[in-house]
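Here is my note on the model.

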Amino acid sequence: MNVVLGVWLITAPVALSYSASPGAVAWNTFLSGIVITATGLCAVNRPRDWNVWTNLFLGSWLIASASLFGAVPAAVWNHALVGMLLGGSAFLTARGGAPG
């Protein structure tokens with residue numbers, strides 16, 4: 001699931017039409033997507049604790065960063081939803097629940 005969320009974040013600025021918005025929100029979305037995709041691919045064969053904690057941090061970062069960068073409403077909602085899915089998945093994985 002994390003790889004899918006990461007790929008979505010890479011394409012989201014164009015898909016949701018905020019790639020040309022002023023500020024760093026589009027770059028933040030794109031770079032966060034790359035990191036999330038990379039950690040998701042690393043966790044496919046060998047899940048590690050650092051993957052879980054990295055995703056928990058990135059989920060929290062996504063939720064907070066859209067407001068910090070003054071993002072457009074589409075970006076705020078996108079970051080909030082993806083951040084909650086990513087952070088929730090990491091939390092459940094850390095507790096021994098659903099896999100990330």
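1. Start with Trp-61. At 28% relative accessibility, Trp-61 is partly exposed. The classes are buried under 20% relative accessible area, exposed over 50% and partly exposed in between, with a 1.4 Å probe and protein chains only. This is a predicted model: local features need pLDDT of at least 70, side-chain atom pairs count only at pLDDT 80 or more, and totals for chains, interfaces and linings use all residues. Residues are numbered from 1 along each chain as its sequence is written, and side-chain values use heavy atoms, with hydrogens and water left out.

2. Aromatic pairs. The whole structure holds 2 of them. Ring centres of Phe, Tyr and Trp (its six-membered ring) must lie within 6.5 Å; planes under 30 degrees apart are stacked, over 60 edge-to-face, the rest tilted. Trp-27 is exposed at 58% relative accessible area; Phe-30 is partly exposed at 29%. Trp-61 pairs with Phe-69, also edge-to-face, at 6.1 Å centre to centre and 80° between the planes. Phe-69 is partly exposed, at 34%.

3. Core. Which residues make up the largest nonpolar core? They are Leu-5, Leu-9, Ile-36, Leu-58, Leu-62, Val-82 and Leu-86, 7 in all. Helix H1 (2–15), helix H3 (49–68) and helix H4 (73–94) each give two or more residues to this core. A nonpolar core here is a set of buried Ala, Val, Leu, Ile, Met, Phe, Trp, Tyr and Cys residues joined through side-chain atoms within 4.5 Å.

4. Contacts. Leaving out residues up to four places away in sequence, Leu-5 touches Val-82, Leu-85 and Leu-86. Contact means heavy atoms within 4.5 Å. Of the chain's contacts with a separation of 6 or more, 60% join residues 24 or more positions apart.

5. Overall fold. The chain has 4 helices and 0 strands. Helices are DSSP runs (H or I, at least four residues) and strands are E runs of at least two, numbered from the N terminus. The C-alpha atoms fill a box of roughly 40 × 20 × 15 Å along the principal axes. Buried residues make up 36% of the 100 in the chain.
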